[in-house]
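Here is a short walk through one protein chain, for a reader who has not seen it before. Please look over the sequence and the structure before reading on.

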Amino acid sequence: MDERYSFDEEKKRFKPISKICIYCNGVKTDNDDTNFYIKLYKEKKRLNLFIYRNVKYSSIEIGIPRCSPCKKIHEKVELDSKIIFLGFLILMTTISFIYPSGIPQYFSITVLLIDFIFFLLFFAGDFSFKYFLPIKYLQKRLIKKHKILAAIDSAKKDKTIEDCLSNGWTINEPNP
Ligand SMILES: [Zn+2]
């Protein structure tokens with residue numbers, strides 16, 4: 001690992017040393033919990049595992065410096081995008097139940113299918129939404145007015161994370 005991180009023994013993750021929030025360029029004065037932590041994975045079968053203090057990792061968590069106002073924006077955007085999409089789903093579901101004869105059947109089936117996926121993701125936890133395109137799209141739209149990057153987009157712009165990604169690490173958990 002490079003000198004821009006230190007290892008947090010207690011939480012088993014790499015925390016950034018920089019105190020400059022990469023989203024707004026402001027100086028962060030708060031603690032490390034406002035950082036954006038991203039988990040990277042590498043298949044165990046591959047040999048050149050990440051080595052830090054003689055410990056081998058097949059998954060690591062790397063922090064990107066983020067101040068608390070930016071963290072609040074990210075959380076609000078994540079929540080708002082889910083609420084907007086949920087409202088849209090409820091509307092579409094209601095329409096397909098009220099006017100079953102007025103709309104094509106494939107529409108109702110599609111709506112029910114999306115309902116089902118949404119609730120599966122909802123129970124699978126927050127991070128599973130990164131695979132769900134409508135939510136990602138809404139997040140990108142909502143974050144625009146705040147003039148900062150979306151959390152997940154910034155991860156790909158971080159030099160260390162970019163290096164890891166080009167060396168076989170992935171943001172998605174490898175299939176067992
Ligand atoms: Zn910030």
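The paragraphs below go from the overall layout to the core and then to a pair of helices.

The model is a predicted one. Its protein chain contains six strands and five helices. Their order along the sequence is β-β-β-β-β-β-α-α-α-α-α. The chain has 176 residues, and 22% of them count as buried. Among contacts between residues at least 6 apart in sequence, 65% link residues that are at least 24 apart.

The largest nonpolar core has 21 residues. Within this core, the residues that touch the most other members are Y23, I38, L40, C70 and I148. At least two core residues come from each of β3 (36-41), β6 (59-64), α1 (68-98) and α4 (151-157). The core also takes at least three residues from domain 1 (5-67 + 150-166) and at least three from domain 2 (71-144). What does I148 touch, leaving aside residues up to four places away in sequence? The residues are Y23, C24, C70, I73 and I143.

Helix α1, one of the elements that supply the core, also packs with helix α3 (residues 133-144), their axes coming within 9 Å. The two axes cross at roughly 125°. Angles of 65 to 115 degrees count as roughly perpendicular and those over 145 as roughly antiparallel, so α1 and α3 are oblique to each other. Their crossing is right-handed. On the α1 side, the contact is made by V77, E78, D80, S81, K82, I84 and F85. On the α3 side, P134, I135, L138, Q139, L142 and I143 take part. I143 is also one of the residues that I148 touches.

Methods. Residues numbered from 1 in each chain as written. Predicted model: local features only at pLDDT ≥ 70, side-chain atom pairs only at ≥ 80, totals over all residues. Helix = DSSP H or I, 4+ residues; strand = E, 2+ residues; numbered from the N terminus. Buried ≥ 20, exposed ≤ 12 C-beta atoms within 10 Å, placed from the backbone. Contact = placed C-beta atoms within 7 Å. Core = buried A, V, L, I, M, F, W, Y, C linked by C-beta atoms within 7 Å. Domains from an automatic or database assignment. Axes fitted to C-alpha atoms, helices over the stretch in contact; angles between N-to-C directions. Parallel < 35°, antiparallel > 145°, perpendicular 65-115°, else oblique. Left-handed = near helix turned anticlockwise from the far one by under 90°.
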